[in-house]
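Below is a short note to read alongside the sequence and the model.

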Amino acid sequence: MENFLKNKKVALIDMDGVIYDSMKYHVRAWQQIVDELNIPFQGEDIYVYEGMVGTEIINMIYRKATGKGISKEKAQELYNRKSKLFREIGHNDPMPGTARMLKALERAGIRRVLVTGSAQHTLLDSINADFPGAFNSGDRITALDVTHGKPDPEPYLKGLALAGVKADEAIVIENAPLGVHAGKGAGIFTIAVTTGPVPKDLFEKEGADIIFPSMPDFASVLEAIIQ
């Protein structure tokens, strides 16, 4: 495989499903909220919607089921409840292979910047403890820093600006089709890692430059490249 790290200075890295094996807890929290609304819901959809602003996910689920939208106020209320549920049932489970991936990038001299559509402090506050030294202080873009979440390229454009690099000096590491869409929209070489049940063809449709079947596989390739 070609050295896709050549001339790269920064890796812009998603959190849920990349840093943490947290998507299963998001699905459980969403499922409880949607059950209360008494509308049909496939948990796997959350893996496809992942990266969007939470209230937009609520609106999309509701519109898909009923054919109509939901008020901003109601969407915010439901998302706040979903966030509370996530905090109650979620755990800080590092994604297998992620520590190796981050260490390989560090050895390659590549700066790591977190770019996530989440604002879940239970995970955000744990990163420095779970992955000491992997991210410099302040090297993160979260849902609180953007106006438009993924699939809009704004989160990754802000990541580039934060790192002070051009698009061709960065890579994006994602696990969700909408995140891949956002990375490509920002003009960045975008790597998809299929850590969830999302079919490979959805990543191909969004233009992922490389698709890996798991985080350990991705970490192994990184380690081979930097030898």
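1. Second cavity. This is a predicted model, and the note begins with the second largest cavity, whose lining consists of Gly51, Val53, Thr116, Gly117, Thr142, Ala143, Val146, Gly149, Lys150 and Pro155. Its volume is about 30 Å³. By residue type, the lining of the second largest cavity has four nonpolar, five polar and one charged.

2. Two cavities of 30 Å³ or more are present in the structure. The largest cavity contains about 160 Å³ of space.

3. Lining of the largest cavity. Which residues lie nearest the centre of the largest cavity? They are His26, Gly51, Met52, Ile57 and Lys82, out of 14 residues that line the largest cavity. The elements giving two or more residues to the lining of the largest cavity are α1, α3 (54–66) and α4 (72–89). Helix α1 provides the largest share of that lining, with three residues. The lining of the largest cavity divides into six nonpolar, five polar and three charged residues.

4. Overall form. The secondary structure of the protein amounts to 11 helices and six strands. The C-alpha trace spans about 55 × 35 × 30 Å along its principal axes. A compact globule of 227 residues would have a radius of gyration near 17 Å, and the protein agrees with that because its own value is 17 Å.

5. Burial and contacts. Of the 227 residues, 49% count as buried. Taking contacts between residues at least 6 apart in sequence, 67% of them join residues at least 24 apart.

6. A search of the whole structure gives six aromatic pairs. In one of them, the ring centres of phenylalanine 4 and phenylalanine 218 are 6.5 Å apart and the planes are at 25°, so this pair is stacked. Phenylalanine 4 belongs to the segment before β1 (10–13) and phenylalanine 218 to helix α11 (residues 215–225), so the pair ties together parts that are 214 residues apart in sequence.

7. Aromatic pairs, edge-to-face example. Tyrosine 20 and phenylalanine 131 make an edge-to-face pair, with 5.9 Å from centre to centre and 65° between the planes. Tyrosine 20 sits in the loop between β1 and α1 (23–37), and phenylalanine 131 in the loop between α7 (127–130) and β3 (140–141), so the pair ties together parts that are 111 residues apart in sequence. Tyrosine 20 is buried, with a relative accessible area of 0%. Phenylalanine 131 has 6% relative accessibility and therefore also counts as buried.

8. Aromatic cluster. Which residues do ring pairs link into a cluster? The cluster is made up of Phe4, Phe189, Phe212 and Phe218. Phe4 and Phe218 are the stacked pair described in point 6.

Key: Residues numbered from 1 in each chain as written. Predicted model: local features only at pLDDT ≥ 70, side-chain atom pairs only at ≥ 80, totals over all residues. Heavy atoms only, no water. Phe/Tyr/Trp six-rings, centres within 6.5 Å; stacked < 30°, edge-to-face > 60°. Helix = DSSP H or I, 4+ residues; strand = E, 2+ residues; numbered from the N terminus. Buried < 20%, exposed > 50% of the residue type's maximum accessible area, 1.4 Å probe, protein only. 1 Å grid on protein atoms, 1.4 Å probe; cavity = no way out; pocket = protein on both sides within 12 Å on 5 of 7 lines; lining within 4 Å. Points joined across faces, edges and corners; volume = space filled by probe spheres on them. Nonpolar A, V, L, I, M, F, W, Y, C, P; charged D, E, K, R; others polar. Rg over C-alpha atoms; globule rule 2.2 N^0.38 Å. Contact = heavy atoms within 4.5 Å.
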